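Here is a short report on one protein chain. Keep the structure in view as you read, and find each residue as it is named.

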Amino acid sequence: MALPYLNLIRTDLQSAFERGVRAMSGRLGIVPDQVMIVMYRESQLSPTAVNPKSRATGLIQFMPDTAAGLGTSVYAIEQMNAVQQLPYVERYLASAMKMTGVRPQKLVDLYLLVLYPKASGKPGSYVVFRQGTIAYTQNASINPNGNVTVADVERFVSRSIPSGWTAAATSSAGLAVGGLLIGGIAAWFMYQSFQPKTKQFS
């Protein structure tokens, strides 16, 4: 079965993109379906998606400081096609997994590695964004009625699971874990730059 939302990738790049997502997921020990759903939630799989408020750019909405930690810039990322962005997606996820100690088993934990890594792997009651803060204002669409918890984020991202993909998107059990790609100063810089994002797509 093809990956979910693959049809949103430019037609001439779909095969290479699917191969790239599957290979990356195998190396990281995560579910490729989950990766696609997270990218859809972040950018609707548009490599040129840009948030005008935060300048977050690309498939997983790289923040400017995060892009710099990867040795590039949001302006360079914006010029890349979807296949060309995948190595940066992998390097970001590898670093986030290394620095948080989380290998996501659930879709919500993978999504939190992108949205707010410190919350990945936390229980449903954990407060991700507290009402009254800038971070909450930027992400209020997740729960407009109060603090945003991990459970709220799970409901939010689960709305992006296409019909027929529920089981495949819930667990990465049994996948081999590849090597984590970033260490040292670059990983430290990226971890320091993790920050809540202002969402373009809700």
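Leu45 sits in the loop between H2 and H3. The model shown here is predicted. Leu45 is not a glycine, yet its phi is positive, at about 60°. Most residues other than glycine have a negative phi. Is Leu45 buried or exposed? Its relative accessibility is 1%, so Leu45 counts as buried, because buried means under 20%.

Gln44 is found in the loop between H2 and H3. Gln44 also has a positive phi, of about 55°, although it is not a glycine. Its surface tells its own story. Gln44 has a relative accessible area of 41%, so it is partly exposed. That label covers values between the 20% limit for buried and the 50% limit for exposed.

Now move along to Gln61. This residue lies in the loop between helix H2 (32-43) and helix H3 (64-69). Gln61 counts as buried because its relative accessibility is 3%. What does its side chain meet? A polar atom of the Gln61 side chain lies 3.1 Å from the backbone oxygen of Ala49. The backbone oxygen of Gly58 lies 3.0 Å from a polar atom of the Gln61 side chain.

Glu18 belongs to helix H1, which covers residues 14-28. Is Glu18 buried or exposed? With 17% relative accessibility, Glu18 counts as buried. Which residues does Glu18 touch, leaving aside its neighbours within four places in sequence? They are Met1, Ala2, Leu3 and Leu6.

The table sets out the accessibility of these four residues.

| Residue | Relative accessibility | Class |
|---|---|---|
| Glu18 | 17% | buried |
| Gln44 | 41% | partly exposed |
| Leu45 | 1% | buried |
| Gln61 | 3% | buried |

## Two helices that cross

Two packed helices are described by the angle between their axes and the distance between the axes. Take helix H6 (residues 107-115) and helix H8 (residues 150-158). Their angle is about 100°, and their axes are 9 Å apart. H6 and H8 are therefore roughly perpendicular to each other. The cut-off explains the word, because angles of 65 to 115 degrees count as roughly perpendicular.

Which residues meet where H6 and H8 pack? H6 brings Leu107, Val108, Tyr111, Leu112 and Leu115. H8 brings Val150, Val153, Glu154, Phe156 and Val157.

## The whole chain

How many helices and strands does it have? There are 9 helices and 2 strands. From the N terminus on, the order is α-α-α-α-α-α-β-α-β-α-α.

The chain has 202 residues, and buried residues make up 52% of them. Its accessible surface comes to about 8,800 Å². Carbon and sulfur atoms hold 53% of that surface. Consider next the contacts between residues at least 6 apart in sequence. Of these, 61% join residues at least 24 apart.

## How confident is the model?

The mean pLDDT of the chain is 87. In all, 82% of its residues reach 70 or more. Over residues 172-194, however, the pLDDT is below 50. Beyond near neighbours in sequence, this stretch has 57 contacts in the model. Residues 198-202 also stay under 50 in pLDDT. For residues 198-202 the model has 22 contacts beyond four places in sequence.

Methods:
Residues are numbered from 1 along each chain as its sequence is written. This is a predicted model: local features need pLDDT of at least 70, side-chain atom pairs count only at pLDDT 80 or more; totals for chains, interfaces and linings use all residues. Side-chain values use heavy atoms; hydrogens and water are left out. Helices (H or I, at least four residues) and strands (E, at least two) are DSSP runs, numbered from the N terminus. Buried means under 20% relative accessible area, exposed over 50%, partly exposed in between (1.4 Å probe, protein chains only). Contact means heavy atoms within 4.5 Å. Accessible areas come from the Shrake-Rupley method with a 1.4 Å probe; for residues, only the protein chains shown count as cover. A polar contact is a pair of N or O atoms within 3.5 Å; within protein, one must be able to donate a hydrogen and the other to accept it, and residues adjacent in sequence count only if both atoms are side-chain atoms. pLDDT is the predictor's confidence in each residue, from 0 to 100. Axes are lines fitted to C-alpha atoms, for helices over the stretch in contact, and angles run from 0 to 180 degrees between N-to-C directions. Angles under 35 degrees count as roughly parallel, over 145 as roughly antiparallel, 65 to 115 as roughly perpendicular and the rest as oblique.
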